[in-house]
Every structure is written in C-alpha cells, then in structure tokens.
Amino acid sequence: LGHGPLRPIMNFHVFINLLLFQILGSMITKVRHFDISKDQAALEDICANVYGGSDYLPSEGKNLAEDPNCSFLVLASEYNDKPLAVANHRRINSSLSWLECVRTCEQHRGKGLATKLMRNIVEESSAEGRQLMSCTVSSNTAMMRVFEKFGMTQLCRLRSIKSEELREQPGWSPGDERFAQPILKTFGLELLVSERARNAQWNLVKSNSEIGVILEMVGKCGGNKNIPGLYEILDDSTKLMDALTKERIYSLRWENDEVAMIAMVLDDRINSLRSKWVCSIIATSSEAFDSALWHSCSAEVLHKLNGDVAFHVVFDDA
C-alpha cells in the first residue's frame with residue numbers, strides 16, 4: 001500500500017521528462033547528409049510555402065544528393081532525426097563554392113538553425129581552400145544578417161523580372177497554351193531600343209578562354225567578373241558549359257570599350273513558368289544591355305530554345 005500513491009507521481013515524472021526531451025530534442029541538433037530514402041517527405045513539408053508553394057527544391061533534392069560536387073546537408077533533431085533545416089554546398093571550381101537552397105522548417109524559424117547549418121558549410125569551404133559565395137532576395141533580411149555573422153560582404157546585385165509579372169503574360173505561365181511573345185514584344189519595349197543597339201554585331205562565343213576575356217573586360221569597366229544566373233552564378237557550371245557547347249552564348253564588343261555577353265541557359269528548377277530558359281546578361285553600358293535584350297529576342301537565338309520564346313532575364317546591375 002505504501003508504494004501505491006507513488007506510481008502516478010512516477011508516471012507523471014516520466015511524462016514530463018519525455019515531453020522535455022521531445023522539446024529540447026528539436027534544439028539539440030546534428031548535421032548530416034540528405035537521405036532521399038527517409039528525408040523527402042520532411043523536405044516537402046519544409047518547402048511547402050516557399051515561393052508561394054512552387055519551390056523547386058523538393059524535385060531537385062535527389063539530384064543534389066547524388067551530385068559529387070555538392071554536399072546537400074540536413075540539420076536534424078537528435079530526438080527523432082527529423083530534418084529541421086537544409087542547405088546545399090556546391091563546388092563551382094577549385095577556388096569557388098556556392099551556398100544555396102537554405103530552408104528552415106516553418107515552426108522552427110528564428111531559432112538560429114540556418115546559422116548552425118551555415119557554420120558547417122563555411123568551415124567546410126574554408127578547409128577546402130574555396131571562397132564561399134551566395135545570394136538571397138533583398139527582402140530576406142534574416143538571411144542577410146546570417147551572412148554578416150560569417151563576415152560575408154555584398155559583391156553585387158543580381159536583377160531579374162519577378163516571376164509573378166512574367167506569369168501574367170499570355171502564354172508564359174504553366175498550362176497557358178496561348179501564343180507567347182518574346183519579352184520585348186510582350187512588354188511593349190521594342191520602340192525603346194536604339195537603332196545602334198538593334199544593328200549591333202553579335203558573335204558566337206566558342207571557348208572558355210573567350211568567356212574569360214570578356215569577363216576581364218567587364219571587370220576593367222567596373223563590372224562584376226561573374227556570370228549571373230537565377231539565384232546563382234554560372235561560372236564553370238554544367239549549365240554554362242551546355243550553353244557553350246550548343247552555341248547559345250554570344251558577345252558584343254564596341255569600339256569605346258562597351259562590352260556585353262548573353263548566355264541562354266536551361267534551368268530545370270524553374271516550375272513557375274512554362275519556359276525553363278534563362279537569359280543571363282552582363283553588359284558595361286545601358287545601350288549594350290538593350291542590344292543584348294534585342295539580340296536575345298532575335299530569330300537567330302530563339303530558334304535554339306526548342307520552340308520556346310519566353311525566358312527569365314537575369315543581369316548584374318554593376
């Protein structure tokens with residue numbers, strides 16, 4: 001009889017301890033590689049409301065996990081091994097790596113989980129002797145603060161037209177079978193392009209060395225010597241090499257040191273638009289930029305886009 005009253009108290013203590021362990025377990029974390037066999041459902045939950053529910057990452061997770069140039073990492077709870085945050089470390093070349101795909105479970109945001117995961121990638125990149133770069137939208141002030149914690153400074157701004165605005169154009173959104181027009185025509189901008197920009201001589205870029213020469217010229221004019229992509233840089237990437245091989249990179253050189261380059265790259269991550277093409281532009285003057293847009297809408301370029309005429313436009317505003 002003496003032990004009877006203690007049993008519910010002991011059960012209560014067990015319950016409290018289990019509850020505390022469950023709560024604290026989400027705060028005690030470990031970093032490991034993404035496992036497609038057990039982490040896919042959690043990844044879909046983490047990304048459910050990102051980009052209005054159109055996040056590319058759930059469909060890209062397997063590719064990142066299998067890419068030998070990537071470390072697709074998970075910050076998981078020690079309590080149940082469930083992913084709380086994810087991020088990818090992509091090696092671009094021997095001296096440069098890229099931080100991307102940083103996502104945190106909605107109910108655990110603001111707890112410093114992204115910072116924990118980033119610390120692992122920063123240390124990994126440093127140990128490999130690579131400079132780490134990344135980007136985020138200007139409205140993501142939380143990620144900006146995380147970048148600052150690790151001593152990262154702003155290199156440049158990448159500009160693009162919002163997907164929401166592009167989707168509103170006839171034939172541009174997924175499932176919209178209406179006839180699509182190239183970007184200059186669909187936005188009524190053709191008359192704003194000067195005669196000089198329209199008649200500029202654009203040439204195919206046929207080698208990596210040519211790309212390097214153009215980037216050096218851009219750098220001398222105060223521009224950024226990296227090729228912008230959609231939330232990434234394309235330097236030495238598979239996408240850029242594919243564009244080079246399939247003759248989808250063009251350059252412009254005017255006598256007064258005005259230079260521009262176009263790279264039409266295929267980005268399979270895009271699911272918010274009917275087209276998966278990205279027009280990457282670097283230019284040292286506004287007129288050279290206008291000429292790049294004009295040439296990207298020309299028949300010479302469009303016939304290489306597998307029947308598409310629509311595309312994202314990304315450029316460096318330096």
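Thr 186 is buried, with a relative accessible area of 17%, where buried means under 20% relative accessible area, exposed over 50%, and partly exposed in between, computed with a 1.4 Å probe on protein chains only. This is a predicted model in which local features need pLDDT of at least 70 and side-chain atom pairs count only at pLDDT 80 or more, while totals for chains, interfaces and linings use all residues. Residues are numbered from 1 along each chain as its sequence is written, and side-chain values use heavy atoms, with hydrogens and water left out. The protein has 12 helices and 13 strands, taken as DSSP runs numbered from the N terminus (H or I over at least four residues for helices, E over at least two for strands).

**Overall build and confidence**

- Of the 318 residues of the protein, 44% count as buried, and the C-alpha atoms fill a box of roughly 100 × 45 × 30 Å along the principal axes.
- Among contacts (heavy atoms within 4.5 Å) between residues at least 6 apart in sequence, 64% join residues at least 24 apart.
- The mean pLDDT, the predictor's confidence in each residue on a scale from 0 to 100, is 86 for the protein, and 91% of its residues reach 70 or more.
- Over residues 1-10 the pLDDT stays under 50, and the model has 0 contacts beyond four places in sequence for this stretch; over residues 12-21 the pLDDT is likewise below 50, with 2 contacts in the model beyond near neighbours in sequence.

**Thr 186 and Gln 169**

- Thr 186 belongs to helix 7 (residues 183-186), and its contacts, once neighbours within four places in sequence are set aside, are Gln 169, Pro 170, Trp 172 and Gln 181.
- Gln 169, which sits in the loop between helix 6 (163-167) and helix 7, is buried as well, with a relative accessible area of 13%.

- Strand 3 (residues 83-91) is mostly covered, with 8 of its 9 residues buried.
- Strand 2 (residues 70-77) runs antiparallel to strand 3 and is joined to it by 7 bridges, where two strands pair if DSSP finds at least two bridges between them; Ala 76 has Pro 83 in strand 3 as its bridge partner.
- These two strands form a hairpin with 5 residues between them, and Asp 81 in the turn has a positive phi of about 65°.
- On to strand 4 (residues 96-104), strand 3 pairs in the antiparallel sense over 6 bridges, with Arg 90 opposite Trp 98 of strand 4, and the hairpin joining strand 3 to strand 4 passes through 4 residues.
- Ile 28, in the loop between helix 1 (6-25) and strand 1 (29-33), is partly exposed at a relative accessible area of 46% and touches Ala 76, Ser 77 and Glu 78, not counting residues up to four places away in sequence.
- Although Ile 28 and Ala 76 are 48 residues apart in sequence, their C-alpha atoms are 8.5 Å apart in space.

- Ile 211, Ile 214, Leu 215 and Val 218 are buried in helix 9; seen down the axis, the buried residues of helix 9 fall within an arc of 100°, so they line one face of the helix, the arc being that of the directions from the helix axis to the C-beta atoms.
- These buried residues pack against helix 10 (238-245), strand 10 (249-253), strand 11 (259-266) and strand 12 (277-283), whereas the face turned away carries the exposed residues Ser 209 and Lys 220.
- Just after helix 9, Gly 222 takes a positive phi of about 95°.
- A nonpolar core is a set of buried Ala, Val, Leu, Ile, Met, Phe, Trp, Tyr and Cys residues joined through side-chain atoms within 4.5 Å; the largest has 50 residues, and those with the most contacts inside it are Ile 183, Trp 202, Ile 211, Ile 249, Met 261 and Phe 311.
- Strand 11 gives the most to this core, with 7 residues, and a second, separate core of 15 residues includes Leu 84, Ala 87, Met 118 and Met 152.
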